[in-house]
Every structure is written in structure tokens, then in C-alpha cells.
Amino acid sequence: MEKIKIRERIKLVLLCGFVYFITDMPVQMTGILPSYAGIKNFLPFSLGLFFGIYGVTGCVISSLMVSHSLYECICIVITGLGMFYGWHVLFPSKTHIVSFKTFKDYARYIFLLALLSGLCLNRYVSFAYFIMGLFIGVPVNILFSSVFCIEPVMPSWCRYEYDCEFCLMGGAGNLEEANEAIEISAEKHGITMKRVLEIQSCLEELVIRILKAIPDANVHIMIKFGEAISARLVYAGKKYNPFMIAKEEDEIDIVSLKIIKHRALRASFSYRYGNNFVHTVI
């Protein structure tokens, strides 16, 4: 998997720290609950699982700012990094993808949750971490992995493998071969033909719009199948957001965009380091 650039690392740390800060501050200010309690206790497990050292670092920084507790920081490091490395080392898998689809996924998480909570060596703290990690952490993890399709940070020795991956070259892209690759991969994962057609129509319209704006673009497409289907497109060149309607576009172009919006549950676009990044959840 491509290494995370310094700017992305800083953004992850700041974002995770901000989330921990706004969930911990009310507890510290009101004093109604003990300092170790609160909704914040699920964050090391979830942010650590998906973002590794960057999620844990953000939580630690915010904890020092709000509670000034060295013990809490130690607990964050144990639970956060323990969940991250435990998921990949104790229960290794071929792809190292973080998902919550099968009984094994839930059993793995709950086992690590109980083990790491116990390592906090205080029954009240351990109970608080376990309860929040279970009743708040599990739904959040499902949202992260299945609905938002967040691509997690992986350990350096891991390679994130997509279920289907191919490249369409500008001017010579063969959509028929791409559609065939999608159908073969989807069949292996038990995806219905109706869903396959939704994916194909959405991707076809996206690629057509991209190649019309940047004729020589090479569009790299990566698909991950699940309850929601995540499709990522990466292409170099000028900044072009396929979800925006330009003034000079005709009615046919506008219809193609409406098809994409109808198919996609969620769509996002970003431009970094000369590359366009498109993510659609179908």
C-alpha cells in the first residue's frame, strides 16, 4: 500500500485528537462522571484499529490537554496500539482488511477488547473501556468499514488488496474488458447481477466524464465488495471533479451525472499532489 505522506499523517493526528477532545471535554468540565468515564473510551479502540499510531497519537495529545493524566495516556496506548497490532498479528489474514461482516470479525474484536481493557489494571477503568468499546465501538466500526468504507492505515508489512482492480487508459480504454472483470470478481463474492449493473453503469458514466475532460488520463479503478461497494478512481492531470457540472456541458452530460448520483450512496472528490481521487460508495 502507498505510504501515507507527511501531510496526511498530520491531518489524521489532528482529526483524531479533535474528536477525542470534544468527547472528553464535557466530562472533565461538568465533573458529573469520574475522569476515566465517558463516551471517549471507545475512541482508542476504533481510532487505533483504523488509523494505528496516528489515531493513538491524536488521542494521547488531547488527553494530555484535557485531563493531564499520564495513566490515561498509558491506557490509550495499550488499548489503541494493542487493537491495531493485535488485529493483524494475533489474527493475521491474507488481505489485512478491517471488516465486520462475519462472526469471526466480531469475536476477534471482542476478544481483543476484553484483553486490552483488562491490561489497564483497574477494574473500574477496565469496565468503562470495555462497555464503551462494545456498545459504542462496534456500531462505529461497522459504519467505518461498511457504510463509509474508510480505507484503514495498514502496518508497514501489510498490503491492502482490493477485490477488483484495473486501469482504463485514455483513448484506448476498453469498458467491455473492465465490465467483464467486475462480473467475474463480483460472482466470487456473491454479488447479485442487479448490483453488478449498478456498479458498471456508475463507473462507466464516471470514466466517460473523466476521459472527456482529460482525454489522455489513465484511470486506475479499485473496487472492494461488501454490504456497500466501495469504488475508488485515481487519475493524474489537471484538477477535475466529475461530480461538478460545468457551464458548457450539454444535456447528455447532465443526464450522465444524474445517473451517477442516483447510483451512488455517497461520493467524494479530492485533488492532491497532481492526482485526482474519486471515491463512490454504491
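## Basis

Two strands pair if DSSP finds at least two bridges between them. Strands are themselves DSSP runs (E, at least two residues), numbered from the N terminus. This is a predicted model, in which local features need pLDDT of at least 70 and side-chain atom pairs count only at pLDDT 80 or more, while totals for chains, interfaces and linings use all residues. Residues are numbered from 1 along each chain as its sequence is written, and side-chain values use heavy atoms, with hydrogens and water left out.

Strand β3 covers residues 230-236. Of its 7 residues, 5 are buried (under 20% relative accessible area, with exposed over 50% and partly exposed in between; 1.4 Å probe, protein chains only).

Strand β2 (residues 218-224) is antiparallel to β3, and the two share 5 bridges. I223 stands opposite A231 of β3. A stretch of 5 residues separates β2 from β3, and the two strands form a hairpin. Strand β5 (residues 275-281) also pairs with β3 in the antiparallel sense, over 7 bridges. Here L233 stands opposite V278 in β5. In a regular strand the side chains alternate between the two faces of the sheet.

## Cysteines

With a disulfide taken as a pair of cysteine sulfur atoms within 2.5 Å, the count is 0. C16 is in no disulfide: its nearest cysteine sulfur belongs to C59, 6.2 Å away. C16 is buried, because its relative accessibility is 2%.

C149 is buried at a relative accessible area of 7%.

Conventions: Helix = DSSP H or I, 4+ residues; strand = E, 2+ residues; numbered from the N terminus.
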